[in-house]
Amino acid sequence: IPTGPRYAVEEVHLEDDFFSGQWVGHTAATLLKREEEARRMSDEAKEESVAGDGADADGGEEMAYRSSTGVWWGSSENDETYLDLLGRVVAKLAEGPALVDDEGAPGSILCFLPGWAEIKVCMDWLQDIDAKP
């Protein structure tokens, strides 16, 4: 299978300078805050399981921290914060150098999302940006 040029992959985290610009708004900080809160809740649930006998109501061995870990990204109904951030990242990348191969053929940005609803929301968000003058 013939392929075009390969580009270096750069790993970037929400804590990195890339997400400190005005273009990102408060979305990265909001997600980091939710993640920290969820980790705290998970740690508390683990401590409660260790302090208790660790058995669930049916006498099984399901630990409390495995059945409920608190609020993670997108787990709240209608929370589209992470999708907003994804749309902003794609728009920011599109502002950079042209995504073309050596012959000038346009390239793409590949994003993995958990389901069709998330794909649709992000696609609509990006099309709304594209439609603005």
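A nonpolar core is a set of buried Ala, Val, Leu, Ile, Met, Phe, Trp, Tyr and Cys residues joined through side-chain atoms within 4.5 Å, where buried means under 20% relative accessible area, computed with a 1.4 Å probe and protein chains only. The model is predicted, so that local features need pLDDT of at least 70 and side-chain atom pairs count only at pLDDT 80 or more, whereas totals for chains, interfaces and linings use all residues. Residues are numbered from 1 along each chain as its sequence is written, and side-chain values use heavy atoms, with hydrogens and water left out.

**Fold**
- The chain holds four helices and zero strands, taken as DSSP runs (helices H or I, at least four residues; strands E, at least two) numbered from the N terminus.
- Of the 133 residues in the chain, 19% count as buried.

**Nonpolar core**
- The largest nonpolar core is made of nine residues, namely L14, F19, V24, A28, L31, Y82, L83, L85 and V89.
- Two or more residues of this core come from each of α1 (27–51) and α3 (81–95), and α3 gives the most, with four residues.
- Not counting residues up to four places away in sequence, V89 touches F18, F19 and W23, a contact being heavy atoms within 4.5 Å.

**D84**
- D84 lies in helix α3 and is buried, with a relative accessible area of 18%.
- Leaving aside neighbours within four places in sequence, D84 is in contact with T27 and W125.
- The side chains of D84 and W125 make a polar contact (3.4 Å), that is, a pair of N or O atoms within 3.5 Å of which, within protein, one must be able to donate a hydrogen and the other to accept it, while residues adjacent in sequence count only if both atoms are side-chain atoms.

Technical notes
Buried means under 20% relative accessible area, exposed over 50%, partly exposed in between (1.4 Å probe, protein chains only).
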